[in-house]
Amino acid sequence: MSILDNRPALKAEIDKVAEVALYLWQKGWAERNGGNITVNISEWVDDEMQKLPAISEPRPIGKRLEHLEGCWFYCKGTGKRMRDLARKPMENGSIIRILPGCESYEIVADAPVAPTSELPSHLAVHDDLLAKGSPYRASLHTHPIELVALTHSRKWMQKDVATNMLWSMIPETKAFCPRGLGMVPYMLPSSVELAEATIKALNDDYDVVMWEKHGVFAVDTDIISAFDQVDVLNKSAQIYIAARNMGFEPEGMSQAQMRDLSEAFALPK
Ligand SMILES: [Zn+2]
């Protein structure tokens, strides 16, 4: 028995999470238990599901997130591997509901898998997305090799320097990651400071934010789209590296060519 039985729309969302988890593993972006995924699944929760009893004690979030009233989330489990989640999403993640007051949650299905230790920061991002009326429902944290490598240089950590280079490698990168790559300087993983800096960078009009010497944090309407934004950025980084390996600095598309692209496809930047 699974909460996903007879709920094809909800199952389809969890299937997307499993699909992305497999890609993360195959790309080498998800070593050991690296990376996190949380999805706001509230819109697929029916009346019957609302009445289901909890299978855990209420657990504190650690802060009050007022826009999460009545929300439900799928969360990767703490210490769980993406490669295992890809095969068995409900054994390596769980479905939780936020309790009235928005300061605690309980696990409802399928197994009492404790959510990621990053849950408070992921929930804080979801709270902020709802506060600003965003249609985004999925958040992804992963370790894309070439993008992380870029952040080991001061040059690429400056605002929009990496964005410009990545956009200029291939037109699709600007078209499919049209807000570019925000940069957050190194901070302790799981810290409140990192969560706050991430929200600030997302609000500075980025969908994908780079954590220096660590990984990316991306948001989008669903988890497939969040993955795609990171994937196109990393592809550009690989093209840059391929050119450097061939012994030259790649020319890149010109600023005029990139402006034309923005006009032709009505891109936000
Ligand atoms: Zn990480």
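Me: What is the place of Asp110?
Reply: First, this is a predicted model: local features need pLDDT of at least 70, side-chain atom pairs count only at pLDDT 80 or more, and totals for chains, interfaces and linings use all residues. Residues are numbered from 1 along each chain as its sequence is written. Helices (H or I, at least four residues) and strands (E, at least two) are DSSP runs, numbered from the N terminus. In those terms, Asp110 is in the loop between β5 (104–109) and α4.

Me: Which residue does a cis peptide bond join to Asp110?
Reply: Most peptide bonds are trans. Here, though, omega is about -25 degrees, and the partner of Asp110 in this cis bond is Ala109.

Me: Is Asn6 buried or exposed?
Reply: Asn6 lies in the segment before α1, and its phi is positive, near 60 degrees, although Asn6 isn't a glycine. Burial goes by the other C-beta atoms (placed from the backbone) within 10 Å of a residue's own: 20 or more is buried, 12 or fewer exposed, in between partly exposed. Asn6 has 10, so it's exposed.

Me: What about Ser190: what is its phi?
Reply: You'll find Ser190 in the loop between β7 (181–184) and α9 (192–203). With 13 other C-beta atoms within 10 Å, Ser190 is partly exposed. It's no glycine either, yet its phi is positive, about 70 degrees.

Me: At what angle do α1 and α10 pack?
Reply: Axes are lines fitted to C-alpha atoms, over the stretch in contact for helices, and angles run from 0 to 180 degrees between N-to-C directions. Under 35 degrees counts as roughly parallel, over 145 as roughly antiparallel, 65 to 115 as roughly perpendicular, and the rest as oblique. The axes of α1 and helix α10 (residues 223–245) lie 9 Å apart, and the pair is roughly parallel, with an angle of about 25 degrees.

Me: Which residues of α10 make that contact?
Reply: Contact means C-beta atoms, placed from the backbone, within 7 Å. From α1 come Lys16, Val17, Val20 and Tyr23; from α10 come Ile223, Ile224 and Phe227.

Me: Which residues touch the most other members of the largest nonpolar core?
Reply: A nonpolar core is a set of buried Ala, Val, Leu, Ile, Met, Phe, Trp, Tyr and Cys residues joined through C-beta atoms within 7 Å. α10 gives the largest share of this one, eight residues. Among the core's 68 residues, the ones touching the most other members are Val208, Ile223 and Leu233.

Definitions and conventions: Contact = placed C-beta atoms within 7 Å.
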